[in-house]
Amino acid sequence: MLFTFFSLLYVFNQLASTLEDRDDWSLREHDTGGHLIRKTPGLEGLRDREGLDRERSESAAKKRIDERSHLAVVACGPRLEETLTMLKSAVLLSKKPLHFYIFAEDDLHDSFRNALVSWPRAVQTKFNFTIYPITFPKENANEWKKLFKPCASQRLFLPLILKEVDSLLYVDTDILFLQPVEDIWALLSHFNSSQLAAMAPEHEEPRIGWYNRFARHPYYGKTGINSGVMLMNMTRLREKFFKNDMTTVALRWEEILMPLLQKYKLNITWGDQDLLNIIFHHNPESLYVVPCQWNYRPDHCIYGSNCQQAEQEGVFILHGNRGVYHDDKQPAFRAVYEAIQKYPFGENMETSLLHPLEASLQSTTNTYCGRASHLFTKKLKQSIVSVQQDVTQRR
């Protein structure tokens with residue numbers, strides 16, 4: 001019995017020692033932050049640590065890439081400066097990194113590249129850019145290129161060209177961001193399982209609506225949609241089979257575009273935007289409709305203010321269609337464009353952008369849009385304060 005007692009005591013001592021060693025090794029495998037330090041001793045363990053560090057680095061890099069907002073624009077003709085001003089507004093107000101996909105005529109490529117690389121280095125760290133040629137399906141290239149405005153229908157083919165891009169925000173060249181791009185990018189997470197694109201209505205007030213009064217083709221909802229700002233989950237768009245009025249068979253995106261053009265080309269006025277209206281008329285479940293302050297145009301103020309969401313929260317994205325940035329028809333829109341265009345990089349945005357803009361807008365109150373111009377600066381002011389606070393904290 002005595003021999004058995006001491007034998008059991010020995011076994012328990014050995015077991016306790018083993019458990020203690022294992023716990024100690026486990027503790028030595030982790031630093032105070034709970035990070036794995038070494039799986040095995042010696043050089044092998046160091047190699048494991050190096051591999052782990054590399055994995056962490058790659059994971060962090062991937063996370064930074066995933067945080068990017070992907071922004072596409074199509075520029076043809078005399079749209080260089082307007083496009084650069086749009087990109088400038090995006091860079092100035094965004095806190096997260098951006099990737100620009102610039103589709104432009106060949107003779108504009110060098111001008112875009114030279115302008116963007118001339119921006120201050122601190123600004124360049126906030127974005128990457130890729131420049132692409134204008135390309136259409138070979139068999140109908142001229143027909144697509146001349147549809148509506150030069151190159152405008154290029155946007156229809158972005159999901160087929162940028163095959164590796166999961167999601168994309170397309171904007172016209174005459175867009176100005178008055179709040180960070182990542183705010184509209186975040187709307188992707190609001191899509192339900194069937195939605196693959198987001199756009200704003202063409203009109204809020206049916207009495208002045210174009211589609212409901214003049215369209216000779218199907219259109220989305222009561223007043224149609226405007227495609228100047230279009231947020232897309234392109235993976236879903238490429239996979240979707242779209243219902244249509246040409247065949248009982250649902251068609252993929254690359255299959256539906258040309259038949260639609262052939263059927264409706266004599267009845268469409270606004271080119272590719274009309275084709276999008278036709279597509280989402282037959283597939284309304286696929287569209288996420290955003291409020292009008294995400295695509296605020298002169299139509300929302302020239303007959304009196306008719307964008308209620310902007311009245312409450314301000315304008316998020318300004319859309320200066322009809323060339324209003326470059327003529328005297330809507331001086332309030334032009335004032336915003338020129339304030340951003342003339343702002344010197346690196347200066348205090350509150351004193352060198354916001355205050356001059358507010359002073360310029362004071363002289364536009366003789367117009368309906370000028371009377372609503374406080375809506376243009378409401379969100380912009382908040383965005384500028386937020387960005388400058390972020391800069392101060394980083395310092």
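Which residues line the largest cavity? The lining is made up of S89, L92, L93, F177, I340, M349, L353 and L380.

## Basis of the model

The model is predicted: local features need pLDDT of at least 70 and side-chain atom pairs count only at pLDDT 80 or more, while totals for chains, interfaces and linings use all residues. Residues are numbered from 1 along each chain as its sequence is written, and side-chain values use heavy atoms, with hydrogens and water left out.

On a 1 Å grid over the protein atoms alone, a cavity is a set of points where a 1.4 Å probe fits but cannot get out, and lining residues have an atom within 4 Å of a point. The largest cavity holds about 40 Å³ of space, a volume being the space filled by probe spheres set on grid points joined across faces, edges and corners.

Helix 3 (80–93) and helix 15 (349–361) each contribute at least two lining residues; helices are DSSP runs (H or I, at least four residues) numbered from the N terminus. Helix 3 gives the largest share, 3 residues. The lining has 7 nonpolar, 1 polar and no charged residues (Ala, Val, Leu, Ile, Met, Phe, Trp, Tyr, Cys and Pro count as nonpolar, Asp, Glu, Lys and Arg as charged, the others, Gly among them, as polar).

## The second largest pocket

A pocket is an open set with protein on both sides within 12 Å along at least five of seven lines. Of its 23 lining residues, K126, M349, V387, V391 and R394 lie nearest its centre. Helix 17 (374–394) supplies at least two lining residues, as do helix 3 and helix 5 (121–124), and the largest share, 6 residues, is from helix 17. By class, this lining has 11 nonpolar, 5 polar and 7 charged residues.
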